[in-house]
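Visitor: Please show me the structure. I would like to ask about how its parts pack.

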Amino acid sequence: MKKSLWQKYNDMKKLNSINENMSTDVLIIGAGITGVSVAYNLINHKENVILIDRNKCCDGVTSKSTGKLTYLQDLMYQKIVNTCGMDAAKLYYDAQKEAIRIVKKNVKNENIDCDLKQSESIVFTKDLKELPKFEVERRILDELDVNYSNLHNKFLLNDVKDVIKVKNTYVFNPIKYVISLLKKVINSSNILVYENSIATKIKKENDFFIVMVNGFEIKTKKVVIACNYPFFTIPGLIPFKTYVEKSYICASKTDETQNLNAISSNYPCESFRHYDDGKDKYFIYLNNSSKICDKLNYEKNYKQCAKKIKEITNNKPLYKWENMDVLTNDNLPLIGRISSYEKNVFIATGYNTWGMTNGVIAGKIISDLILNKKNKYVDLFNPSRSINFSKFKNFITNTMISNVKAYTFNLIRKNPSWYKNKAIVTKINGKRVGVYFDSKGEKHVVSNICPHLKCFLTFNEVDKTWDCPCHGSRFDVDGNCVKGPSVYDIKIDETNISN
Ligand SMILES: Cc1cc2nc3c(=O)[nH]c(=O)nc-3n(C[C@H](O)[C@H](O)[C@H](O)COP(=O)(O)OP(=O)(O)OC[C@H]3O[C@@H](n4cnc5c(N)ncnc54)[C@H](O)[C@@H]3O)c2cc1C
């Protein structure tokens with residue numbers, strides 16, 4: 001898969017993987033910004049902690065974000081007011097500000113070099129129909145006492161119709177930040193960190209949980225699910241509360257950087273920022289965001305993103321990548337105890353593409369719950385909060401329609417023309433399979449059904465992966481699962497295939 005700009009800063013040495021049965025007080029599954037933040041907050045406490053990741057640590061969604069650390073998150077406040085009310089929007093705003101304070105404090109206390117820079121955040125629209133929404137957002141920001149302005153910057157993007165801008169927000173290099181915290185975690189006396197260690201099953205036994213990792217048993221009192229999208233459906237029923245969105249991102253070198261970052265409110269969104277690592281300067285540009293069941297012409301999406309960044313910077317992109325995140329039907333993340341009857345299983349997901357702040361606040365909420373401390377955001381983000389009409393309406397439009405579309409579209413459209421015959425979906429011995437023909441003409445045959453929730457897979461001809469358009473799992477052409485939520489491969493026994 002294509003590497004992001006940030007991944008080149010991941011200088012972690014190879015870590016051990018789980019290769020024996022173990023026991024601990026807390027097991028954290030997933031070493032992205034969420035899992036590492038939880039672990040960091042547990043340093044030097046009496047709890048013994050194990051942190052695991054199925055791949056290399058800090059190589060998931062966090063390593064492919066745009067690294068904006070802001071409370072101005074497109075038109076988020078009116079979305080929350082519409083589904084959960086003004087009090088929820090106020091508390092959400094407090095949480096975002098607190099997350100920014102926590103990052104600043106950690107950077108200062110730990111002397112972290114992550115290129116944290118103050119940067120104006122801008123939300124803009126190019127669509128006249130969006131203007132009334134900007135008025136609504138301004139009224140809500142007034143109520144929240146946010147100091148904003150409507151002044152247009154000298155924009156790199158044309159046709160902007162309206163702007164909301166705030167000053168006291170930041171951008172950073174997310175990987176340098178998370179890796180620095182992870183190194184502190186690794187050096188602590190109460191936490192062990194393992195990579196290439198995949199959790200596949202959790203079962204309860206009396207007061208303990210047994211988590212299967214690489215086929216070994218980890219016995220633990222508490223489990224933190226920090227894997228972006230959980231690998232199980234029950235408890236939590238996350239697939240019914242969420243849907244997944246994907247975007248394409250390019251970064252090219254530029255001569256000067258500006259202290260601003262921006263996102264459009266219109267759909268599909270555009271977003272950009274600058275980055276200066278002290279040696280090189282980059283412009284980072286994102287577009288073509290969509291639900292993962294839409295825009296399945298991967299090559300076209302990459303090309304459009306690359307064309308746009310070339311228009312803006314006059315330079316070819318040096319980095320091109322795609323990323324996906326989990327969105328919730330009520331626009332609030334799901335952070336805390338996974339259900340009211342499962343007190344010792346914690347989850348953090350559904351950041352609605354704003355996980356730099358929400359991952360950090362999740363780290364605080366979950367570590368507070370583990371340490372029996374009070375936290376004022378527990379009810380706001382409670383993963384088992386009740387369902388109201390607006391959430392239900394969004395469930396129908398986002399979750400149900402996306403999944404039904406993904407299933408039926410791929411049922412009918414087995415071999416879209418854009419595959420250029422490099423990959424086909426067919427049946428062998430009654431089984432639905434995907435066949436990829438490599439440059440030597442050799443066939444790579446895999447199952448075409450995602451082991452997670454049985455969706456049909458589409459071929460991503462750019463990354464040469466089979467991708468699930470329902471929940472985002474990805475598999476290489478030989479059937480190895482390279483991204484969850486699936487924890488199983490799609491390899492098939494070739495001796496059973498005759499053609
Ligand atoms: C295009 C895009 C741009 C974004 N830009 C921004 C931005 O500018 N600002 C912002 O605030 N947010 C942004 N976000 C959102 C943000 O990147 C994510 O919300 C956040 O990084 C999620 O962090 P995480 O720790 O939950 O997940 P991850 O970083 O994915 O970490 C989860 C880890 O769990 C591991 N894992 C998964 N399953 C298992 C398993 N079974 N066993 C063991 N380990 C497992 C994975 O390998 C992974 O390393 C963006 C998102 C997208 C899609």
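Guide: This is a predicted model, where local features need pLDDT of at least 70, side-chain atom pairs count only at pLDDT 80 or more, and totals for chains, interfaces and linings use all residues. Residues are numbered from 1 along each chain as its sequence is written, and side-chain values use heavy atoms, with hydrogens and water left out.

Visitor: At what angle do helix 1 and helix 5 pack?
Guide: Two packed helices are described by the angle between their axes and the distance between the axes. Axes are lines fitted to C-alpha atoms, for helices over the stretch in contact, and angles run from 0 to 180 degrees between N-to-C directions. For helix 1 (residues 33-41) and helix 5 (residues 174-186), the axes are 9 Å apart and the angle is about 40 degrees.

Visitor: Which residues of helix 1 make the contact?
Guide: Contact means heavy atoms within 4.5 Å. Helix 5 contributes Tyr177, Val178, Leu181, Leu182, Lys184 and Val185, and helix 1 contributes Ile33, Val36, Ala39 and Tyr40.

Visitor: How many helices and strands does the protein have?
Guide: Helices (H or I, at least four residues) and strands (E, at least two) are DSSP runs, numbered from the N terminus. The protein has 10 helices and 26 strands.

Visitor: What percentage of the residues count as buried?
Guide: Buried means under 20% relative accessible area, exposed over 50%, partly exposed in between (1.4 Å probe, protein chains only). Of the 499 residues, the buried share is 60%.

Visitor: What percentage of the contacts join residues at least 24 apart?
Guide: The contacts counted are those between residues at least 6 apart in sequence. Among these, the share is 70%.
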